[in-house]
Amino acid sequence: KAFQDEFTREFMDSTEEVKDGYYLFRSKTDGYTTLFPENAEISKMFYERNNDHFENLTFVDYSREENYNYTYDVTYSPHREKGVEISLRGLSRRAGYDGEYAKIEEENTRIYFAKEKEVLEDEDRKRTVYSFFSYIVPKGGSVGIEYNYSSYCYDENNCKIDPKKEEEKALTLMKSFHFIENE
């Protein structure tokens, strides 16, 4: 799907898979690269960019037939010295999260990670949403990425989503961010 959609294709660095099921995404800001799922599409309606300083995008991989929806939100922006604390407060507010973040040290990045499970119900449907979100910063850099990944099934009664596997997937994707400014 990633290469069938014209808008999404503009962000792909190459037609070669870099990891099984993933291609290399290159930001239009030229600020970062990351893994991109082969069946995801970027929503043109939910894409915003301000020169090379800010980029916000949403991409989705879903199948009603296979009963899953994976949604990814990415925001790239500069931050100041106290930017991490401010960014985490903003991320918590937007995610409706009231908790601590795990700090994950990678070779070139620092990831502030949290997760949450929410059960949504209305008259005729129940849905369990697994959310994994983080704030990712390069060591010694002046930018950051707010990353939010959520997954759920359309039909809760036939759901094959494994929360542990979803968390592994989220962490793999978060750890794949490479900030170009640090090269």
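In which strand is Ser131 found? In this predicted model, Ser131 belongs to strand S9, which runs over residues 126-138. The relative accessible area of Ser131 is 16%; the residue is therefore classed as buried, the cut-off being under 20%. When residues up to four places away in sequence are left aside, Ser131 touches Ala114, Lys115 and Glu116, together with Tyr149 and Ser150.

Buried positions in H2 are Gly83, Val84, Ser87, Leu88, Gly90, Leu91 and Ser92. In an α-helix, residues three or four places apart point the same way, because there are 3.6 residues a turn. The cover over the buried residues of H2 includes strand S8 (109-121), as well as S9 and S10. After H2 comes Gly96, which has a positive phi near 65 degrees.

Salt bridges were considered next. Side chains of opposite charge can pair when their charged atoms come close. The count of salt bridges in the model is eight. One of them joins Glu10 to Lys28, with 3.0 Å between the closest N and O atoms. This pair links distant parts of the chain, 18 residues apart: Glu10 is in the loop between helix H1 (6-9) and strand S1 (22-26), while Lys28 is in the loop between S1 and strand S2 (32-37). Both ends have some accessibility: Glu10 is partly exposed at 44% relative accessibility, and Lys28 is partly exposed at 29%.

A salt bridge is also formed by Arg26 and Asp13, whose closest N and O atoms lie 2.9 Å apart. Here too distant parts of the chain are linked, since Arg26 is in strand S1 and Asp13 in the loop between H1 and S1, a separation of 13 residues. Arg26 has a relative accessibility of 29% and counts as partly exposed; Asp13, at 37%, is partly exposed.

A further salt bridge connects Glu105 with Lys139, at 3.1 Å between the closest N and O atoms. Because Glu105 lies in strand S7 (residues 102-105) and Lys139 in the loop between strands S9 and S10 (143-152), the pair ties together parts that are 34 residues apart in sequence. Glu105 is partly exposed, with 41% relative accessibility, and Lys139 is partly exposed at 32%. Arg110 joins these residues, so that Glu105, Arg110 and Lys139 are linked in a network of salt bridges.

The model holds one disulfide, formed by Cys153 and Cys159 with their sulfur atoms 2.0 Å apart. The torsion about its S-S bond is about 70 degrees, so the disulfide is right-handed. The accessibilities of the two cysteines were also computed. Cys153 has a relative accessibility of 0% and counts as buried, whereas Cys159 has a relative accessible area of 29% and is partly exposed.

How values were computed: Residues numbered from 1 in each chain as written. Predicted model: local features only at pLDDT ≥ 70, side-chain atom pairs only at ≥ 80, totals over all residues. Heavy atoms only, no water. Salt bridge = Lys/Arg side-chain N within 4 Å of Asp/Glu carboxyl O. Helix = DSSP H or I, 4+ residues; strand = E, 2+ residues; numbered from the N terminus. Buried < 20%, exposed > 50% of the residue type's maximum accessible area, 1.4 Å probe, protein only. Disulfide = S-S within 2.5 Å. Contact = heavy atoms within 4.5 Å.
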